[in-house]
Amino acid sequence: MSKGLAPTLRRPSGYWLYLLPIFIGFLAVVAVPFGTNIYFSFFRWKGGAAPMHWNGLNNYSTLLADTEFWNSLRNSIFMVIAIVIIPTVIGLLLAALLTDTIGRRFGPRIASFLRATYYLPQILPIAVAGFMWSWILDPANGAINTLLHSLGMDGPDWLGNPDLAIYSVMLMLIWLQIGYPLVIFMAALSRVDPELYEAAALDGAGKWRQFVAISMPTIRPETFIVVLTATVAALKVFAPILILTGGGPEGSTVVPSFYAYRNFFELSQVGYGSAISTVMALVIFAIAALMLWWQRRQEIR
Amino acid sequence: MRSISRRQALGGLGALSLTALTLTACKAAGGGSDKFTILQYEDPTTPQGQGWQKAVELFKAKHPDVTVDVQQTSFDAFRQNAKILLSGNTVPDVVEFNKGNADGGQLASQGLLEPLNDAVTKFGWDKKVSGSMAAFAKYDEEGKAGSGDWYGIPNVGEYVYFYYNKTKFAKAGISEIPTDLASFEDAMDKLQAVGELPISSSASTSQGFNQMWIWYSLVSAEASRKDIDDFMFIRDQVNFNSGAWKDGTERFQQWIDKGYIGSQLGGLSFEQATVNFLSEKAAMLPWNNGMFARIREDASFDWGFFIMPGAQLSMGSSGHLWGVPAKSKNKDLAYDWIETTLSPEVQNLIGQKGGLPLAGDTETISDPLTKELTERFDEVVKADTLSFYPDYPVPGFLDFIQNHMQAMSNKNESADEYLDALQEFYDKGTKD
């Protein structure tokens, strides 16, 4: 017995060799830069060859009292709504509609064509999408306000009004994001055995009932992945803010990653920017860990 | 507080991060004595870019044994990476850098750029680049512009003025270009009376610079040389709640209230403001000579240009600068490169293209409109009446001013509130 087990026990030690490249890669690309970032966050430093001044935990205590940082964190909630909640719900409904109704009635080619059109914003470079939307939302000549004008209404200043800008940014993000859950959900739905729907239909279940009782539970693992990855993306959203609003108007669309960037590059406060990045990385780790833990518990049940 | 050097700091971070930094530096830089590396960010289609291509030809002819490597980067990329790049061991031999205390000043004070005093004397660059054109070429030990050693040499200048639609002016019965601020406002009233928007502007924090330029042009209009120099070079205490600062800002608020600059500007970028002017939605566009070729190409109407009427000073400055990294291995070649870009052949070519050369002969420009543009510029340089750009003195100023321009444009902030915030930010920023 012990002789038989010995080779299998020895085998894993050989596996470590194969894991080495990943380990080195992780060290070089994630662990060391992250460690460096934490290290810098304890200094007052303008960057480059400027002298570094030890600052202890002062950057962190300043951060706790920094209303602009808390404001940026609050804006992250809007980002979660725009990148996770709304697109996931819409993506789920659209996926069901395309797979079930459109796919069956008009054939799978039409369904795949529509899926591709929804996915198009995802493959568009973010800079192109951003400039496109800044034109769509242009108060004087933009598509939306021109439409409103033709209906006899005066359109608002979508990106220039501090009470409105965050919703305008959300609008673009929703448009950008929908294709992602849609594609994943459609692939997941193709796994469902059609006989299950037929059986349910025979038992008198309507479309909605079939969707809730069969489709949704089947694609639960994919839903979890979509929610997890989109949540992480929402917490670190950066480029759309840079291109659409630059954090304005009047600071109303600043998000943590943009705030860190501004401290790094505009204000030359590298230590403070590092502190913001460190805190955000920890927040993202914590949320992702919590979600993974919750998912595990669901699986065990 | 304990200070440690960057080298000591990096020592503790392990070989990997050092390798990463070195790799970054190597990738963007050249090196070696037989290879001469120029790192710059001008678009090759601009007048300056075309001039520099000519300079490369001349330089190669002068130094046939040297391999010239011209590397193209972007303004933002260089701004953000300059400190890391220039502190590496392999650096370009000559670089283009941005003016101002937040950029050139920091690079100079951190010992990353070579002082150019000897070369300036040897080549006589101070004869070609003087007065306000030389102001941001010199930095003191703290990195403040206006005095100290030479660290950079500009080739061209720039200034801000109004492009105007002649048809719309005629429609409003304005037969002559206004000569002072009062007659300028009268003209704008006349434009409004015939249903025309006087000025196309923008105030988005993402590239909406027109409002900032109008505001600072109005301050400059009433400011003295001393007012601006105190502010720009952090000399005497600046009281923003008085004189030209207060008057100019209040006038700016009046312009917003009177609707001279339109409404809903918070979401607009300068590109959108330009298109609005070109599509004849407004009578004027405030911008600098960087838009000259574009307006000329795209405007389907008769147009002209004029500096802010009756202004004592007007916005503008030298262009970006050539600098020699402290670790450059070919410093003598770098000086010769700078000398080549200031040669009559290169400067006159830049002038022909409308690039406002600093050492060109305006008489050699054949196109009348380009000649007029250059003559106006020569006049303001000669009179020493350029007031530079408002975001130079303090790091982070651009962001700060832009945010307040939005607030004022949205009527969420008064002139007084802006001036109070400006005082606080400037005082704090100039103390550090």
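User: In this predicted model, in which loop of chain A is P249(A) found?

Analyst: Start with the peptide bond. G248(A) and P249(A) are joined by a cis peptide bond, with omega at about -10°. As for its place in the chain, P249(A) is found in the loop between α12 (239-244) and α13 of chain A.

User: At what angle do helix α3 and helix α13 of chain A pack?

Analyst: Two packed helices are described by the angle between their axes and the distance between the axes. Here helix α3 covers residues 67-106 and helix α13 covers residues 256-266. Their axes are 8 Å apart, and the angle is about 145°.

User: Which residues of α13(A) make the contact with α3(A)?

Analyst: From α3(A) come E68(A), F69(A), S72(A), L73(A) and S76(A). The residues of this contact divide into 4 nonpolar, 2 polar and 2 charged. On the α13(A) side the contact is made by P256(A), Y259(A) and R262(A).

User: How far apart are the end C-alpha atoms of residues 272-294 of chain A?

Analyst: UniProt, in an unreviewed entry, lists 272-294 of chain A under "transmembrane region", along with other spans including 77-98. In the model, 77-98 is 100% helix, with its end C-alpha atoms 30 Å apart. Residues 272-294 are also 100% helix. Their end C-alpha atoms lie 33 Å apart.

User: What share of residues 73-291 of chain A is helix?

Analyst: The unreviewed UniProt entry lists this span as "domain: ABC transmembrane type-1". The end C-alpha atoms of the span lie 19 Å apart.

User: Is I225(A) buried, partly exposed or exposed?

Analyst: I225(A) lies in helix α11 (residues 220-235) of chain A. I225(A) and M291(A) are 66 residues apart in sequence and 9.9 Å apart in space, C-alpha to C-alpha. The relative accessible area of I225(A) is 42%, which falls between the 20% and 50% cut-offs. So I225(A) is partly exposed.

User: What is the order of the strands in the open sheet of chain B?

Analyst: The sheet has 5 strands with mixed pairing. β3 (67-72) and β7 (153-154) of chain B each have a single partner strand, so they stand at the edges. One side of each is therefore left without a neighbour in the sheet. The order is β3-β2-β4-β12-β7.

User: Do β4(B) and β12(B) run parallel or antiparallel?

Analyst: Strands of a sheet pair through backbone hydrogen bonds, either parallel or antiparallel. Strand β2 (residues 35-40) of chain B is joined to β4(B) by 2 bridges, and these strands run parallel. β4(B) is joined to β12(B) by 3 bridges, with F97(B) opposite L321(B). β4(B) and β12(B) run antiparallel.

User: Which residue of β3(B) is the bridge partner of K35(B)?

Analyst: β2(B) and β3(B) run parallel and are joined by 6 bridges. The bridge partner of K35(B) in β3(B) is T67(B).

User: Which residues of strand β4 of chain B point the other way from V94(B) and E96(B)?

Analyst: In a regular strand the side chains alternate between the two faces of the sheet. β4(B) spans residues 94-97, and V94(B) and E96(B) point one way. All four side chains of the strand are buried. Pointing the other way are V95(B) and F97(B).

User: At what angle does helix α3 of chain B run to β3(B)?

Analyst: Helix α4 (residues 75-87) of chain B lies across β2 and β4, running at about 145° to β4(B). Helix α3 (residues 47-62) of chain B lies across β2, β3, β4 and β12. To β3(B), helix α3 of chain B runs at about 165°.

User: Which side chain forms a polar contact with that of T340(B)?

Analyst: T340(B) is found in helix α16 (residues 331-341) of chain B. At 2% relative accessible area, T340(B) is buried. T340(B) touches residues including A55(B), L58(B) and F59(B). The polar contact, at 3.3 Å, is with the side chain of K62(B).

User: Is I234(B) buried or exposed?

Analyst: I234(B) lies in the loop between α12 (225-232) and α13 (243-258) of chain B. Phi of I234(B) is near 50°, a positive value in a residue other than glycine. Its relative accessibility is 19%, and the cut-off is under 20%, so I234(B) counts as buried.

User: Is K411(B) buried or exposed?

Analyst: K411(B) is found in the loop between α19 (397-409) and α20 (415-431) of chain B. K411(B) has a positive phi of about 60° although it is not a glycine. With a relative accessible area of 53%, over the 50% cut-off, K411(B) is exposed.

Conventions. Residues numbered from 1 in each chain as written. Chains lettered and ligands numbered in written order. Predicted model: local features only at pLDDT ≥ 70, side-chain atom pairs only at ≥ 80, totals over all residues. Heavy atoms only, no water. UniProt positions renumbered as here; feature names shortened; annotations may be inferred. Axes fitted to C-alpha atoms, helices over the stretch in contact; angles between N-to-C directions. Contact = heavy atoms within 4.5 Å. Nonpolar A, V, L, I, M, F, W, Y, C, P; charged D, E, K, R; others polar. Buried < 20%, exposed > 50% of the residue type's maximum accessible area, 1.4 Å probe, protein only. Polar contact = N/O pair within 3.5 Å; in protein donor to acceptor, adjacent residues only side chain to side chain. Pairing = 2+ DSSP bridges. Lists of a residue's contacts leave out its neighbours within four places in sequence.
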